[in-house]
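Subject: Structure handover

Hello,

Here is the structure you asked about. Please open it first, and then read the notes below.

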Amino acid sequence: MAINAPEGTRDLLPDEALFWSRFKQMAAEVFGCYGYLPIETPLIEQTELFVRGIGEATDVVSKEMFTALSGENLRRWVEEGQPPKAKSRLSLRPEGTAGTVRAVVQHDLVPQGAAPAKLMYAGPMFRAERPQKGRQRQFNQVGVECLGAEEPTIDAEAIIMLMRFYEKVGIPTRSMRLLLNSMGCERCRPAYRDLVRAYMDEHADDLCETCLTRAELNPLRAFDCKSPGCATVMADAPKITDYLCDECREHYTAVKALLDGAGIGYEEDQALVRGLDYYTRTVFEVQVTDGMGSQNAIGGGGRYDKLAEEVGGRPTPGLGFALGFERCVLALEAAGVEMPRAQRCDLFVACVDDAVRPRAFALVQQCRDAGYACEMDHQHRSLKSQFKLADKLGAARVAVLGPDELARGQVTLRDMGTHAEALVGLDEVTAELGQALL
Ligand code: HAM
């Protein structure tokens with residue numbers, strides 16, 4: 001029986017893999033203008049990092065982590081009943097924030113008084129969720145994290161930058177909505193959480209089992225519940241923005257004013273709590289309005305002013321976001337936007353017969369050495385089907401080489417856009433391609 005890719009994983013075939021490369025390049029271009037620099041952290045981290053950073057009671061940590069043990073530790077556990085030490089318990093990263101903050105703390109990237117560290121990453125994340133359209137067990141994210149500043153300008157510029165990036169990728173602005181909320185801080189949130197818990201106790205009969213358990217551990221998670229009964233109850237629950245302390249309210253007001261000033265449209269959504277426990281103050285999410293079903297969040301993030309301390313660092317405020325590559329591809333499809341063609345073919349060299357192949361091979365090589373993307377047929381196709389292949393590759397030009405042309409040391413160079421043809425010396429093809437690109 002053939003072996004397929006594991007459930008919830010997908011191969012990025014060449015077109016999509018090329019788009020993924022282009023996507024990362026576009027992210028580096030846009031985020032680079034805002035001062036973000038790349039960081040690469042391991043795909044595996046100590047499980048403890050995610051437990052402390054993301055929160056033990058979150059779905060991501062309690063149900064969805066892929067935990068790994070090295071062969072020897074696994075053997076000792078299975079055969080000798082000896083559980084591994086905390087340091088040897090590893091998990092595949094379910095997201096990039098905890099690892100990035102761990103790296104910032106470990107390498108002291110934000111020493112006292114330093115400018116904020118602005119970092120970006122791109123790569124696979126792993127969550128053992130129930131697979132469905134737009135929800136995978138291995139998926140790719142592009143994310144940014146800014147550590148060392150709590151000013152609302154950091155929040156606003158990150159949100160502006162995210163929306164600019166979607167524009168650059170080609171997701172139509174009209175098909176997205178940006179949701180915004182404030183989660184308060186450790187001063188105002190506990191009292192609010194108690195209020196929501198009390199409200200949920202009053203409405204216990206109308207809530208699902210999961211939310212009743214949530215009421216104990218983290219009642220705010222009930223705002224995320226998809227069950228219709230819970231959604232109705234939670235719609236009338238106390239709203240966090242009515243209970244923010246003065247500092248959090250001022251911060252939130254300033255973020256909104258900066259977004260207004262930049263002409264960024266948003267909807268305030270007091271039920272937006274996000275699924276990770278580290279958030280404080282600003283949270284945001286971008287959803288696609290049509291054609292994506294329930295998995296319609298293409299990106300999200302927020303502020304996490306306590307996370308660095310949670311993972312053993314000094315107090316260092318932070319803010320970031322991540323966006324899902326595969327969901328952005330689905331959003332482009334839903335909006336009827338074609339994935340930008342990433343493959344380049346500057347020249348296709350077509351052979352009229354087999355006798356000219358050695359010279360055609362040399363010409364292709366010569367053009368590639370000069371930096372042009374160049375291709376030829378390797379299967380003895382007819383001239384007609386060589387042109388079809390050139391078309392499929394999106395070749396900008398086709399050089400036709402036949403015995404007559406070869407005798408004169410020339411090729412017929414056809415512009416595939418205008419269909420104009422010209423005879424060009426074999427040694428002048430690269431110069432001609434350079435002119436065409438200019
Ligand atoms: P998140 O909302 O869990 O946030 O994930 C960010 C984005 O990753 C989602 O909006 C979605 O597009 C994509 N995504 C998440 N799970 C899946 C999945 N199972 N399959 C496909 N795509 C998925 C975070 O990960 C935070 N670390 C964001 C952040 C950075 N907050 C602060 N800094």
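Two residues are in contact when they have heavy atoms within 4.5 Å of each other. Please keep in mind that this is a predicted model.

I began with the whole protein chain. It contains 16 helices and 16 strands. The C-alpha trace spans about 90 × 65 × 50 Å along its principal axes. Of the 438 residues in the chain, 48% are buried. If you take the contacts with a separation of 6 or more, 70% of them are between residues 24 or more positions apart.

The surface and the charges come next. The chain exposes about 21400 Å², and 51% of that area is supplied by carbon and sulfur atoms. There are 50 positive side chains and 64 negative ones. The centres of these two sets lie 3 Å apart.

I then looked at one residue, Asn218. Its place is the loop between helix H8 (209-217) and helix H9 (228-235). Is Asn218 buried or exposed? A residue is called buried when its relative accessible area is under 20%. Asn218 has a relative accessibility of 11%, so this residue counts as buried.

Which residues is Asn218 in contact with, leaving aside its neighbours within four places in sequence? They are Arg193 and Asp277. With Asp277 there is also a polar contact, made between the side chains of Asn218 and Asp277 at 3.0 Å.

To find this spot in the model, go to the loop between H8 and H9, and then look for Asp277 beside the side chain of Asn218.

Regards

Note on methods: Residues are numbered from 1 along each chain as its sequence is written. This is a predicted model: local features need pLDDT of at least 70, side-chain atom pairs count only at pLDDT 80 or more; totals for chains, interfaces and linings use all residues. Side-chain values use heavy atoms; hydrogens and water are left out. Helices (H or I, at least four residues) and strands (E, at least two) are DSSP runs, numbered from the N terminus. Buried means under 20% relative accessible area, exposed over 50%, partly exposed in between (1.4 Å probe, protein chains only). Accessible areas come from the Shrake-Rupley method with a 1.4 Å probe; for residues, only the protein chains shown count as cover. Lys and Arg count as positive and Asp and Glu as negative; His and the chain ends are not counted. The place of a charge is taken as NZ of Lys, CZ of Arg, CG of Asp or CD of Glu. A polar contact is a pair of N or O atoms within 3.5 Å; within protein, one must be able to donate a hydrogen and the other to accept it, and residues adjacent in sequence count only if both atoms are side-chain atoms.
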